[in-house]
Amino acid sequence: MTLGLRARVSLAVLVLVLALTVLVTVVVKRSDSALHDVERARFQAATAQLADAISYGVLARSDALVAPAVDAFVKNPDLARVDVVADGTSLTSRDGPAHNAAIGDAVTVRVPVKTKASAPGDDGELAAFGVATASDPRVIGEVSAVFTSTATAAIQQRTRREIVLASVALG
């Protein structure tokens, strides 16, 4: 049984549409994965920057020294909550703009707060107060931040829509 010209053309179009659908699905999944990786790296970098900025305040167990950096960090629109812990005790906690958002796709980032290495030429003054160490920095606390993916979800939705529309137009 041989297929007529119309049946062969219809079959070819069907195969092309299926191939295009598979290609679109792969592109959407890969773009979602890449966007999540970038988002996690951004969250990790921001939290590490905060941990570095508050090391002296954590060492002094001073909320007054920690507060300015934490207050600036809390302005991140994806932040749900940040906690600064020293010796197992909460030094400070703040809710971020996304604290009422759905936490289903939340990303929790934990970064140790460490003392700073002493600067070259330091005669040990900072080390004497425990602010810096001549050897490796030691862990003196932890920053724990919970981020939501609300901004990323909006970008993903828009990207999916654009890819699907382009695929439909191409099809």
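The model is predicted. The protein chain holds five helices and six strands, and buried residues account for 30% of its 171 residues.

**Overall fold**

- Counting contacts between residues at least 6 apart in sequence, 69% join residues at least 24 apart.
- The protein chain exposes about 10600 Å², and carbon and sulfur atoms supply 62% of that area.

**Helix α1**

- Helix α1 covers residues 5-53, a run of 49 residues.
- From its first C-alpha to its last, α1 reaches 72 Å, which is close to the 72 Å expected at 1.5 Å a residue.
- The buried residues of α1 are V24, V28, D32, E39, F43, A46, T47, L50 and A51.
- An α-helix has 3.6 residues a turn, so residues three or four places apart point the same way.
- L14 belongs to a nonpolar surface patch together with L3, L11, V15 and L18. The accessible area of this patch is about 470 Å² in total.

- Leaving out residues up to four places away in sequence, L50 touches A69, V70, F73, V82 and V143.
- One of these contacts, A69, is 19 residues from L50 in sequence, while the C-alpha atoms of L50 and A69 are 6.7 Å apart in space.

**The nonpolar core**

- The largest nonpolar core has 23 residues. Those with the most contacts inside it are I54, V58, V70, F73, V82, V84 and V143.
- Two or more residues of this core come from each of α1, α3 (63-73), β1 (79-86), β3 (107-114) and β6 (139-147).
- V143 touches T47, L50, A51 and I54, and its other contacts include V82, V84, V109, V111 and V113. D83 and R110 are also among the residues that V143 touches. Residues up to four places away in sequence are not counted here.

**The loop between α2 and α3**

- R61 lies in the loop between α2 and α3. With a relative accessible area of 35%, R61 is partly exposed.
- R61 has a positive phi of about 55° although it is not a glycine. Most residues other than glycine have a negative phi.
- S62 is placed in the loop between α2 (55-59) and α3. Its relative accessibility is 17%, so S62 counts as buried.
- S62 touches G57 and L91, not counting residues up to four places away in sequence.

**The loop between β1 and β2**

- D87 sits in the loop between β1 and β2 (89-95).
- The phi of D87 is positive, near 55°, and D87 is a residue other than glycine.
- At 61% relative accessibility, D87 counts as exposed, because exposed means over 50%.

Terms used:
Residues are numbered from 1 along each chain as its sequence is written. This is a predicted model: local features need pLDDT of at least 70, side-chain atom pairs count only at pLDDT 80 or more; totals for chains, interfaces and linings use all residues. Side-chain values use heavy atoms; hydrogens and water are left out. Patches are made of residues with over 30% relative accessible area and no salt bridge: like charges are joined within 9 Å, nonpolar side chains (Val, Leu, Ile, Met, Phe, Trp, Tyr) within 5 Å. Accessible areas come from the Shrake-Rupley method with a 1.4 Å probe; for residues, only the protein chains shown count as cover. A salt bridge is a side-chain nitrogen of Lys or Arg within 4 Å of a carboxyl oxygen of Asp or Glu. Helices (H or I, at least four residues) and strands (E, at least two) are DSSP runs, numbered from the N terminus. The expected span of a helix is 1.5 Å times one less than its number of residues. Buried means under 20% relative accessible area, exposed over 50%, partly exposed in between (1.4 Å probe, protein chains only). Contact means heavy atoms within 4.5 Å. A nonpolar core is a set of buried Ala, Val, Leu, Ile, Met, Phe, Trp, Tyr and Cys residues joined through side-chain atoms within 4.5 Å.
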